[in-house]
Amino acid sequence: MAVCHHPTTISDKVLFKMPKWKLVTEFTFDSAHYIKDYNGPCGRMHGHTYTVRIEAISTKLHSSEYCPHPVMVADFKSLRWAKKDVTKGGLDHCILNEVMPPEYETTAEMIAKYIYDETKKKLPEGVKIKVAVSETANSWAEYEDD
């Protein structure tokens, strides 16, 4: 008869590694904005082609509204919602100051937080994300919440 050994000390415990998947998507959208009370050109209306990079990490796979099987970290459609035209719920071709809630200023940092907050609402529980936003090719702002 086999005897089951239960670990009694930390050194006896076997460490089990959890699986982990990382999903990455990058997209652009075009919008105008101004930074309220900014003393300089950024205080005037101007536009950018924003680049957004979203990383999603999960220890399990999920289904989505488009696929009933648990085969993905998150649906790319859910991650890329901001790419949609503003008339379809996205941020493309809008004035960000008129679309984003007033508690979010339209700096790259706050746009990243806004996209993070709205994306989290669309994802299964337990999926961790990081959102990076760029207004120019060499300047990025990232937001993630631990």
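Student: Why are K113 and D117 separated by about one helical turn?
Tutor: The two residues are separated by about one turn because they lie four residues apart in helix α3 (residues 108-120); helices are DSSP runs of H or I with at least four residues, strands are runs of E with at least two, and both are numbered from the N terminus. This is a predicted model, in which local features need pLDDT of at least 70, side-chain atom pairs count only at pLDDT 80 or more, and totals for chains, interfaces and linings use all residues. Residues are numbered from 1 along each chain as its sequence is written, and side-chain values use heavy atoms, with hydrogens and water left out.

Student: What makes K113 and D117 a salt bridge?
Tutor: The term requires a side-chain nitrogen of Lys or Arg within 4 Å of a carboxyl oxygen of Asp or Glu. The closest N and O atoms of K113 and D117 are 2.9 Å apart, so the pair qualifies. By this rule the count comes to seven salt bridges.

Student: Why is D117 called buried?
Tutor: Its relative accessibility is 17%, and buried means under 20% relative accessible area, exposed over 50%, and partly exposed in between (1.4 Å probe, protein chains only). D117 is therefore buried, whereas K113, at 24%, counts as partly exposed.
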